[in-house]
Amino acid sequence: MARFSTLNIWRYPSRWILFRLDDRLLLIIIGAIVGICSGLAAVAMYQGLLAMFNWMNHYRGYWWAFLLPGCGAAIAAIFLEKILKEGAGHGVPEVVYSVVRYGGLMRLRSSFSRIISGCLTIGSGGSAGPEAPVVMSGAAIGSNIAQFFSLNDRQRVAIVGCGSAGALAAIFNAPITGLVFTIEVIVGEWSAVNIVPIAIASVAGAEVCRLLHGNQFLFSSLDFNVDLVDTLACVGLAVFTAAASVLLTRALRHSNKISNKLSNKFSMPFWWRPFVGGCLVGLIGLALPDVLGEGYHAIRLMVKGLFSQGLMFVTILMLAKITATALTLGWGGSGGIFAPCLAIGSFSGLVFHRFIDFLGPGVGWVDEGCFALLGMAGLTSGMLQAPLTGIFLIVEVTGGYGVILPLILVSAVSSTVTHAFEPASFYLKELVEKGHYLRPRTDGRVLADLTVRELVEKDCIVVYKNMKLGDFANIVKKSHRNFFPVEDENTGDFVGMIHLDDIRQYLFNPILYETVFLEQIMHTHVETVDLDDDLPDVLERMDAKNLFSMPVVVNNRFIGMISKATLLDKYRSELMVQSYY
Amino acid sequence: MQLDLETFAKCLDIPETTVERWIRQGRIPVRKKGNKCEFSQTLIEKWAETNHLKFVVPGTEKETEDTGQDQALDELQSVMRRGGVFYDIKGESVGDVLWSAVNKAPFFDKPEEKKKLYESLAAREEMMSTGIGKGVAIPHPRTPMAEAEEPAFITTCFLKSPIDYGSIDRKPVFVLFLMVSTSAKLHLHLLAQLSFCLRDEEFLQLLKQYPNPEELYGKIAEISERIES
Amino acid sequence: MDLQLLHIFRNTPLGRELLLQSAYFCHTLGVLPVIYIPQYIKFLMYFENDVVQVDLDSSYLRSPSTAREHVAETIRRQDLPEPKFLEPKNFTASTLPDIPVNFDFMCCPRTVSDLSSKIGLGYIGPRVRRIIHSARFPVLIGCSVYKPWKSISVFFGGSANAVKAVRLGFRLARLTGFPLDVFTQEGKRDRKYYEDVMEKENLKAEMDKYARQWRVYDSGDFIDNLYDVPHDALVIAGAYGHGVIKEVLFGSTLEKIQTHLPNTLLIVGPNYRAAMQG
């Protein structure tokens, strides 16, 4: 065995003397590598999309062009389902799930699957964004590199974060956004051990993008002069974008439900949903081509203030984009919510600008591009409920540091207002509902980590159901516990429990010693726990019945007791250990 | 330093499954190589300290540090041997015999110590007589003499003439078991054993014959064995 | 009986044979079978440092209505308590359940992903390999027809994994009372080396106690010598954890064993750890 480990020493860098004392340096180095890899993945996605667009452009003019998004989405679904056999999900929630549950373990196939399916869906005209696919890919790349080097869970989570940060930094050319988004949404823990490697990965990812694409803003904006009135108007805009966020979230959910119902009703093959959804998007796209794809072109125009259509038309566009996004993502298309958020956000900013312009034409409002920009911030913060991500994303993709004050305002207000209606963000809603959203050092996290196996106390004295009370009294003398499990002496099955409190009065009555058998005084309908039960459920049952301890019984065999007193002990040390790094 | 997982978990006094999970999650500065845990001892000790845990390698001095608590309780017989048996204790009143008994007690050599013990015994008698009937009394201090560094003892004193001790059954007392113990737990333990003996009719008969020490200890040992079984 | 064996049930005659083997194993060793009846075509197993996706072949999803009854019937026939059915609690995606991995044994056919028609000797599916590689439990690989085993044969090649396999063999021999044979093929090293390894690992005493014989072959081809393995033995062997390239170039011993032996195999992977001493 030693022979192999010397050969493979490079696969176990955590054993190198250099990294033994502190793994920070190791994480930084691996983080940089992962950042570069995921940056390359992001660039590949970008190039793929570009190629798809150019190729598709030839066919846009035909009447049957509305079928294109349908076909693209259906092929993407078939690709994911049949060729890669990857259960399709949204992407980011899966990354968070694996980070939360399994220390960021992800499958190798995830590292490229979403890029291809995303290219197919978005390139053919589906209304979705390339960000979630690259984040997922980056995270999976990070996870697999971490697996290759046999890192532990804590290190792997940091490296998964590096992957997602690098990918996001590269696709937007926005290193801070990559860092902030990862910390805020994916990792959920602000600690120096995480931030440093993730920051390095962000830099690496952004650098890859700049080397290959040149350093430019995604949507370059003008310089805006923001007055006090505009800042005040921003509060209104924030509420408006929050409303749009809520609308989009609900539209997505409902369209998902409807499509599920329909496909169940007609028992259609799985690719039917994305196909129909895509075709519907294509139909909308025939009338309003701006809703197709990730919508960056329209955003560019709006931010520069070159979007000429009037209030009504822009409102319709905004609603159409929301519908198209809901049809694409809710009906099983593959892609992210980021870019649609930006598009809808700038539409809603524009709508709001047109509206206040209509109300107060005399007031010298700032250029509409500024509002488009603020709208984007409002919608991203609202949808992701990650205000910092919203702020930094907009600053970095537009270079509009001049509008930072209203930007912060809009982001903060929008995420707060949305939170009132939709308590969990779009990404995390499902996880929260299933109780998988466990952030480090929280009650849920600690309880999820501890298992019944670790808490069970095995120093109980077992008594038998045909034992006389007198013999039992002798056992009580020697025991320091209040609970006694009763077993059948022949089969070894667990039959009940005796609690000292219940029988104390009889215990001092020697007349009963020879006449009463334990079978007659034990509790038979005892709440029991299985070794594999989840601790939160166990605690809930304890609370419901006012119990302080419960017997652990597997397959009718008594294993031990689990009690709240030990739990506190273990809970505390678990919490402290979790806070060490 | 290398230990296997089982020993390592024992060093921390934490279940093996927990340690394993902590290693997997990277919460503890330990690397796993197969079944072995590899770690630096200083690092793990520092880690354990910050997390209010103890890391004790088996076989080192630290291990035996605070195990004193669970010592086996002294046997009645050995405790009585320590105290000794005395005959013909003189005295007309409870106070007199107590003072005489205190003078026979071992370990309490200095006058002020004797005085203190006597006062404590007297205070206990004032609360309620320790004469438990059948001519026997078990005087003991009101609180265990916690400061006493000496081990517990029971001094058996046969009185020259039985006196009225205010016992429950009003019978005159002819024998005192002066009992000084170091802890409440030990006190209860000794008291329980002694009263078990006193319930034995044979033992009472023996006492009435003013037996010599070895006879007395022999009987005690015999009865103690019965309790054990 | 707190040891558990995971069995993924396939509701076909072939699956029944495998379940019979699991049931026999559980019965002889006092292990509780935990049965997973798949509802989705794939599932994930999150191991310590790897996540394995198992894509079942479609025969696993056949007639779900009768599956439970079939399982209960087979299990009952082996005198085992009511089987425990595994209901996945967590899902990575809505059709992608996570199957827990904290079992003490797992039973696999030689392949789970490919069509059952391909099942023959000489082929262990890639998924089963990856499970063996990542799992901390030994994997029971059944043969196509149920056949109770009456003795235990361990292959001991001197490596760390082989030592684990020998330990597991002793444990099973103790639990079942079946005779144990140990087989060693001398490679470049002589008998002395293998005895030294046994000595170093404190296996000597147990070896004398449990092993009926220790056959060390200094001549002949490994494959030819396999003929001496009793036909009704449970074969325990370690998967040696070489890299892919090594395996392709030199061929692994495990590969030879499973190609030429139709016996039920119990394979100990590089991450195997005897969790409980029982």
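Tutor: The domain bounds used here come from an automatic or database domain assignment. For chain B that assignment gives domain 1 (2-59) and domain 2 (73-228). Taken over C-alpha atoms, the centres of domain 1 of chain B and domain 2 of chain B are separated by 52 Å. The model is predicted: local features need pLDDT of at least 70 and side-chain atom pairs count only at pLDDT 80 or more, while totals for chains, interfaces and linings use all residues. Residues are numbered from 1 along each chain as its sequence is written, and chains are lettered from A and ligands numbered from 1 in the order in which they are written.

Now to chain C, whose assignment gives domain 1 (4-141) and domain 2 (151-268). Between them, 13 residues of domain 1 of chain C are in contact with 14 residues of domain 2 of chain C (C-beta atoms, placed from the backbone, within 7 Å). On the side of domain 1 of chain C that touches domain 2 of chain C, at least two residues each are supplied by helix H1 (13-29), helix H3 (126-134) and strand S9 (139-141) of chain C. That side has eight nonpolar, five polar and no charged residues.

The strand pair comes next. In chain C, strand S3 (residues 42-46) runs antiparallel to S4(C), and five bridges join the two. A hairpin of four residues leads from S3(C) to S4(C). Across the pair, Val52(C) in S4(C) stands opposite Met45(C). Strand S4 (residues 51-55) of chain C is mostly covered, with four of its five residues buried (20 or more other C-beta atoms within 10 Å of the residue's own).

Notes: A residue is buried if 20 or more other C-beta atoms lie within 10 Å of its own, exposed if 12 or fewer, and partly exposed in between; C-beta atoms are placed from the backbone. Two strands pair if DSSP finds at least two bridges between them. Two residues are in contact if their C-beta atoms, placed from the backbone, lie within 7 Å. Ala, Val, Leu, Ile, Met, Phe, Trp, Tyr, Cys and Pro count as nonpolar, Asp, Glu, Lys and Arg as charged, and the others, Gly among them, as polar.
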